[in-house]
Structure formats: structure tokens, C-alpha cells
Amino acid sequence: MVRADAPGKIILFGEHAVVYGQPAIAVPLHAVQASATVEPAPYGSGLSVYAPDIGQTLRLESLDGGPDDPLHNAFIFPLQVALRYLQHPIPDLSITIRSTIPIASGLGSGAALATALVRALCSALGHPLFNDELNPLIFQVEQRHHGTPSGIDNTVIVYEQPVYFIRGAPPQPFAIARPFTLLVADTGHSSPTRKTVDDVRHLYETAPEQIGAIFSAIGGIARQAREKIAAGEIASLGLLMDRNHDLLCQLTVSSEALDRLCAAARTAGALGAKLSGGGRGGNIVALVDDARAASVAEALRSAGAVNVIQTVVKPSG
Ligand code: MEV
């Protein structure tokens, strides 16, 4: 039996603007993860994927094609991409995929499922992939999910490192001088990234100068945030998160629930808070002093968060 895992992710700064070439910062979220296990299957039975979380078994019928539906895109398309990359015929294997990452909630569920599936399948076939090989494959899956992804989700999830990301460029080294604590709070409302990315594109097409200026302002915040994190000036990051959230509101990707959770976090003493990911649902991220983490988490639950995860972003190495 071969097993592979992949974490979720949180975007700290720069979502949406990153699609238009601005920098963004994301960190892996190890508290949630996808895991795939591969077992041999009887001769001639082909490749099947069992997803107990949703009670579905899917079969890979061919190396190409298949419906453009969410289940095929999540569970079968990554395996087609992997087999084509390895130029391997359909093997007789059975894969079980589980995930604790809520779907369509800004935590990178699609990229993490694909990463776990491709890693596990390639290892089981005797061709474990380097991350530099794996990342473009997961980007292909992201394109199938979202149309025009920036590539930030697959990059942070495949490398499992904090990334300062610019579309089309290799992920840049990213210094973290001091650990800092985040709370990730779920509105409980799902919202597909494809829809919000499409809506922002439409907005940009109707008012390119005004929306382009918002993208630039968000990019400026991500650059400043990188400097603050490198200098260990964590308190001033909170203000940058608040400003980033306001700009995302102007891009129309916030929601009443996201605004409510951000406000609750700030009122309870968080240093800053913003929506994270595609928006209109999913999660917010709040920056907190350790001493306040428990009371901010409690305030988030009282304000309607269905789940609150605490995570610490640490210097790597
Ligand atoms: C989704 O996690 C982040 C977005 O910026 C889309 C993307 O970068 O592909 C909204």
C-alpha cells in the first residue's frame, strides 16, 4: 500500500490580484489535509477511486476525455494527467481518497486532492515525482477547475512552504523572522473560485483603470507584507490585512458572513483580519497575539463561524 498526503492552504495577501500579475503570499495549512492510499486491484479491473467522504466510486475509463463535471475534475482528471505524464497505460489499482479540507471554501481543496492523488499514483507505479515535476501537473488540474488560475494554490500545496508568488515565475524564497499565529474561521458557505474569478474579470473588463488600480494597491500590500514578515514586524501586518480586505470588498468578493467574522475578530482583539481565497464564502484569516487567540476564536464562533483552526506560521529550516 502506498500513501501520499497534501495540506490545505491559506492566502495571507493578494488573492484575485495575483491572477493579474501582482504578488501574493500564501502558507500551507497542515491542520487540514487530503490523503490518498493506493492498493493493488485484481488483474484487468483497471483504475478506480473510492471517495468515502462523499460515498462515491469513480472509474478511470480512458487516458483522455470525460465529463467536465466537478467529480471527474476532482478525482479522475488528475490521474489522467499523471498517467499521460508517465506515458503509462491504465494500471490495475484501487485508490482511496479522503480529505478534511472543506470544498470550495478557499483552503485549496481541489489542488490538495489532486496533489495527494498524483503523488500516490506515481509512487505506486515506481516513479515518485519531484515537486518541480509535480507542480505543473497540478497546475493543469487547476486550469480544469478554474479556467485561469494564477498557480498560487498548487505551488503552496505542492511545496508545502510559505510562498511569495508571482504568476509565471518560480516561487521566491520568503524569509519569516518571527513566528506568528493565525486563526482560520469558516463561514460554512461554499463558493466556487471559478465564479468569483470570472466575476472579477468581468468587473475588470468593464472598468479596467479603476479595477487595475485596486489590483496594484493589493500588490503593494503584498510587497509591504513580505518586508514586514522578513523584519519580524508582525503587529503592522494586521493593518495590511484589514486594508487588503477592504480592497477585496471593492472587488465584490466579500459577503455579509465574511465581513461579520472579520469584524468579530477585530473587536475581540485580533491584529487584523481578511477574507482568504476566492471569497463570497469560505474562510477568513485573522492575525492574533497568542494571549488573545482563545478569546478571538470564541468570538468568531459566537459570530457564526462553523469551524476555527489555529495555526502558527514559522521560520522554515
Ligand atoms: C484562489 O485560492 C485564489 C485566487 O486568487 C485565484 C487564483 O489565484 O487562481 C482567487
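How far from an oxygen atom of the ligand does a polar side-chain atom of S150 lie? The distance is 2.6 Å. This value, like every other in this report, comes from a predicted model.

**The ligand and its surroundings**

There are 13 residues around the ligand, and those that come nearest are K9, H16, P149, S150 and D153.

| Residue | Part of the residue | Distance to a ligand oxygen atom |
|---|---|---|
| H16 | backbone N or O atom | 2.8 Å |
| S150 | polar side-chain atom | 2.6 Å |
| D153 | N or O atom in the side chain | 3.0 Å |

Taken alone, the ligand exposes 300 Å², and the protein buries 98% of that area.

**A four-stranded sheet**

Elsewhere in the model, four strands are arranged as an open sheet, in the order β8-β9-β7-β10, with antiparallel pairing. At the edges stand β8 (272–276) and β10 (307–313), each of which pairs on one side only. Direction ignored, neighbouring strands of this sheet are turned against each other by 25 degrees on average.

The pairing of β8 with β9 (residues 283–288) is antiparallel and consists of five bridges. Within this pair, K274 stands opposite V285 of β9.

**Helices on the sheet**

Helix α7 (residues 235–250) packs on the sheet, where it touches β7 (180–186), β8 and β9. The direction of α7 makes about 40 degrees with that of β8. A further helix, α9 (residues 293–302), lies across β7, β9 and β10 and runs at about 15 degrees to β7.

Which residues of α7 are buried? They are L237, G238, L240, M241, D242, N244, H245, L247 and L248. These buried residues pack against strands β7, β8 and β9, and also against β1 (2–13) and the helices α6 (208–231) and α8 (256–267). Just after α7, the residue T252 takes a positive phi of about 70 degrees.

**A hairpin**

Strands β3 (residues 47–51) and β4 (residues 56–60) are also paired in the antiparallel sense, over five bridges. One of the facing pairs is formed by V49 and its bridge partner in β4, L58. Together, β3 and β4 form a hairpin, with four residues between the two strands. In the turn, G55 has a positive phi of about 65 degrees.

Key:
Residues are numbered from 1 along each chain as its sequence is written. This is a predicted model: local features need pLDDT of at least 70, side-chain atom pairs count only at pLDDT 80 or more; totals for chains, interfaces and linings use all residues. Side-chain values use heavy atoms; hydrogens and water are left out. Two strands pair if DSSP finds at least two bridges between them. Axes are lines fitted to C-alpha atoms, for helices over the stretch in contact, and angles run from 0 to 180 degrees between N-to-C directions. Contact means heavy atoms within 4.5 Å. A residue is near a molecule or strand if one of its heavy atoms lies within 4 Å of it. A polar contact is a pair of N or O atoms within 3.5 Å; within protein, one must be able to donate a hydrogen and the other to accept it, and residues adjacent in sequence count only if both atoms are side-chain atoms. Accessible areas come from the Shrake-Rupley method with a 1.4 Å probe; for residues, only the protein chains shown count as cover. Buried means under 20% relative accessible area, exposed over 50%, partly exposed in between (1.4 Å probe, protein chains only).
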